[in-house]
Each structure stands twice: as structure tokens, then as C-alpha cells.
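Here is a briefing on the structure shown below.

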Amino acid sequence: MKKIYLFGLALGLTYLVGCAEKSAELNPNSQTGTGGSMARFAIVGNALYCVLPNELQVYDISSPTNPKIANTVSLDFGLETIFPYKNNLFIGANDGLYIFDNQQFTKPNLLSKYTHVMSCDPVVVQGNYAYVTLRGGVACRRFVSMSTLDVVDVSDLKSPKLVHSQPMQSPYGLGVDGTQLFVCEGDNGLKVFDISAPTQPKLQETLREVKSFDVIPLNKSLIVTGDGGFVQYSYQNGGKLELLSKIPIEP
Amino acid sequence: MNPTFFFVKRPFIWLLKWNSIGLLFLLGLLSCNTEIDTDTPTAGAPPFSGEGYRPIYMGKTEIQKISTTAPQPLRKPGKIYVRGSYLFINEQGKGIHLLNNADPRNPQKISFINIPGNVDIAVKGNLLYADNGRDFVVLDIGNPADIQVVKRIENAFPIQQNPPYIGYFECVDEAKGVVVGWEKVKMSRPRCYR
């Protein structure tokens, strides 16, 4: 009996550790999938998070076909995206970035809020840095027309700090893997940044013809969607993108 | 924490704190402006280009019709989701293109899942969690050619009052149905904008 219990515990722990890190090297046999930075839904362990405009809903899916509301966290208006990373949830909102501890999956605990100007702002995280695109202009930020790519130091999750900002054209989703950062620029194409120096993203390549909205870098292949259709590239650290396949838009 | 409390109380505090210009500024930032004169827009209202967003409505029974069909062309792809070699591409407001991406050089469309009003999904095991208009649904995708609805939570999500874009839009009239999407069309200056 004790053995079974220990085995269960070990399994549970393996599961916890397995779930804890969302990385580009996802196990292809993983039960849970992964979304892009534009996602409003995310599953971590037995919790399914839904980002609604003014609250974070947490569903308990331990009984998978019967999700039950486990928690609702009310926040200010304008929540847009969720990115789980390690033991944290990063939630992009119109006026900032919320960081939650979710070691207890169904009880996310707000650690801090990094506030910025009004905009649309998906976020991805790698190591000690969060990469946030702030889309301005007519689409999102009425009084400021500038769009930016910001790097936020999140090594102290309770006190995130802006360490870099550079102008962008019309950024939407973004993805990060190793020394490369991929940013969808809508009608202005897809941009690849070298982040060998994580706080100094350096533009490496612009694929102007790839109208892009959402992107996922996964196992060295990059998945892109947008008005340019569905495109896949292979990428190597530091290397150029190589086209693998494309499914065009049909009228 | 009761959300209604938040919504009601906060603007009230602001009302006390801000002068009327501040309040207008705030309204312009955060909300659908239904009280704006259509002909002479208030200071701070964005310029109108002659185009705005019109809600696409659907009746409730129609919305709940989830089905599996043969692969469909990509028209307005939205968000993407990956699980194992499966790839899910949202067709904005319509559903999900399901693909086998075991060979990224040659992704194969498997089927299309009609989920009216769909924007977001997440997958665990053989279960796909999705928004279906205002409802939250769980689909069994074990047989990709015949997807089954195994759970529906009605009205899990709030009414969509405005498009996910900033600009002018036709105000939502709930009597017309549930908003499943928005289309940008030529129109005369509508009352609502965000």
C-alpha cells in the first residue's frame, strides 16, 4: 500500500516538474499543448486559465470532461493574453503586465504588476526576461502612435523593471527560443531578432512578405499564421529562416 | 471580489476625483461611447474614416451547432495551438482547422471543426476546450473525423460589447443574437467607438 502511495507521489512529482516549464523543447508526447503569445486560454496541470477582459477565470479540469470554476480573480479592465512560464503566469493587459505565482495551479497569487502606457501587449518569457510588444496607433493606443518592443527584467518577480525598449511598426504575437526572438509585425512582415545579449534584441532578418499575426517556435521549427496564410520555417540558433511549407489563404 | 462592485464603484470614485474633461478622456480610453452625438463628435473622439466594425450576429440554437466537416480553405486564420504532431489553426469566428504536422514540410489537413464564434482553444489529451460564442465547450477529438461535444457550460463568457479593435463600431444589440465576429464595412459614423 505504502509502495503504491510512493509511486503515486513520484508520478505526481514528475508530472508537476514536467508541467512546470514551458519551453520550446516541448515533449511531443506531452498531454497538454501549447499556444502562441496571443492566447487567452492556457492549461497548466489540472488548471485551465481563461483570460476575460476584466478577470482571470480558473477552471479545475481534474475531471477533464467536467470543468468546474475553481477561482475567479478580478483585475482591471483590458486583459488580453496569458503566457505560463515555470511557476508563473504572465498576463498581458492594456495597461500593463501582471505576474502571478501559480504553484498552486488553481490559486494564482498576484506578485506584481508592471504598468506601461495603454496598448495591446502580448508577452513571452525566457529566463530572467519578459519580451513584450506594445502595439500603438489606431489599432490599440489612441493617444500614442508609437509601437515598441520592450524587454522587462523579471528576475525579481515582485519588482519587474524595464531594461530596453525599441520602436516597432505594428507588432502582434511573438515567440522566443534560445538566442532568437520572433515578432509578428502584421502587414509589415515577420521580424527575427538576435537576443544573444538578452537585453539588447538586434534585428537580424525581416521577412516582409510574411503577413503575420501569431507565431510559435517549437522544436526548431517556426509556425506562423496571419493574412499571409500558414507558413513554417526551420531555424537554427543564430541562423536564417528556411521555408519548410506554406498553406496560402484562399478567397 | 465581485466584478460588478469593481465596475460600479471605480468609475464613481473617478467621477468624484476627475473633472468632466478627465472623465471624457477616461471614457474615450476605456468604454463604448453610446452618448456621443453622431454628427459633431466630442473632442477626443477619433477621426472617422468612413469604415467601421459591424457585429456579425448568430441565433443561439445556430451557435450551438458544432460539427466536423472535410478540410476547408484557410480564409482568416487567427491563433495557433500545437499538441504533439497535431496543429490547430483558428479560423476567426468559425472554428478550427485540424492538421497533422508530423512532417512540417508537408502538413496535412485532417478536418475542420465548426465552432461558431470561436477565438481560443486549449488542448489536453483528447479533449479540446474552446469558446463557442458565450459558451465554454469541451470536445472529444479522439476521432478527428467525428468530434463530439462532451460538455457545454452556457454563458461562461461575458457578452462581447465591442470589437477587439479600436475604432468605430455599430453598437451591439443583444436582441439580434450573439456576436460571433466583426466585419469592417463602410458605414455612416456610428454612435459607438473604443
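pLDDT is the predictor's confidence in each residue, on a scale from 0 to 100. That scale applies here because the model is predicted. Chain A has a mean pLDDT of 85. Its residues 6–29 stay under 50.

**Confidence in chain A**
- In chain A, 83% of residues reach a pLDDT of 70 or more.
- For residues 6–29 of chain A, the model has 18 contacts beyond four places in sequence.

**Contact between the chains**
- Chain A puts 47 residues into the contact, and chain B puts in 39.
- On the side of chain B that touches chain A, two or more residues each come from helices H1 (3–17) and H2 (20–30).
- Strands S3 (77–83), S7 (121–124), S8 (127–132) and S10 (148–153) of chain B also give two or more each.
- S3(B) gives the most to this side, with 7 residues.
- By class, the side of chain B that touches chain A holds 26 nonpolar, 7 charged and 6 polar residues.
- S3(B) also pairs with strand S1 (residues 34–35) of chain A, in the antiparallel sense and over 2 bridges.
- Within that pairing, A:Thr34 has B:Val82 as its bridge partner.

**Open sheet in chain A**
- Four strands of chain A form an open sheet, ordered S14-S15-S16-S17, with antiparallel pairing.
- S14 (174–177) and S17 (202–207) of chain A are at the edges; each has a single partner strand, so one side of each has no neighbour in the sheet.
- On average, neighbouring strands of this sheet are turned by 20° against each other, direction ignored.
- Strands S15 (residues 180–184) and S16 (residues 190–194) of chain A pair over 5 bridges, in the antiparallel sense.
- A:Leu181 has A:Phe193 in S16(A) as its bridge partner.

**Strand S6 of chain B**
- S6(B) (residues 108–114) pairs with strand S2 (residues 67–69) of chain B over 3 bridges, in the antiparallel sense.
- In S6(B), B:Asn114 stands opposite B:Ser67.
- S6(B) also pairs with strand S5 (residues 95–100) of chain B, antiparallel and over 6 bridges.
- There, B:Lys109 in S6(B) is the bridge partner of B:Leu99.

**Nonpolar cores**
- The largest nonpolar core has 95 residues.
- Those that touch the most other members are A:Leu48, A:Tyr49, A:Phe90, A:Ile91, A:Ala130, A:Tyr131 and B:Ile121.
- Beyond its neighbours within four places in sequence, A:Ile91 contacts residues including A:Val51, A:Leu56, A:Tyr98 and A:Phe100.
- A second, separate core has 6 residues, among them B:Tyr53, B:Phe169, B:Trp182 and B:Tyr193.

Technical notes:
Residues are numbered from 1 along each chain as its sequence is written. Chains are lettered from A and ligands numbered from 1 in the order in which they are written. This is a predicted model: local features need pLDDT of at least 70, side-chain atom pairs count only at pLDDT 80 or more; totals for chains, interfaces and linings use all residues. A nonpolar core is a set of buried Ala, Val, Leu, Ile, Met, Phe, Trp, Tyr and Cys residues joined through C-beta atoms within 7 Å. A residue is buried if 20 or more other C-beta atoms lie within 10 Å of its own, exposed if 12 or fewer, and partly exposed in between; C-beta atoms are placed from the backbone. Two residues are in contact if their C-beta atoms, placed from the backbone, lie within 7 Å. Two strands pair if DSSP finds at least two bridges between them. Axes are lines fitted to C-alpha atoms, for helices over the stretch in contact, and angles run from 0 to 180 degrees between N-to-C directions. Ala, Val, Leu, Ile, Met, Phe, Trp, Tyr, Cys and Pro count as nonpolar, Asp, Glu, Lys and Arg as charged, and the others, Gly among them, as polar.
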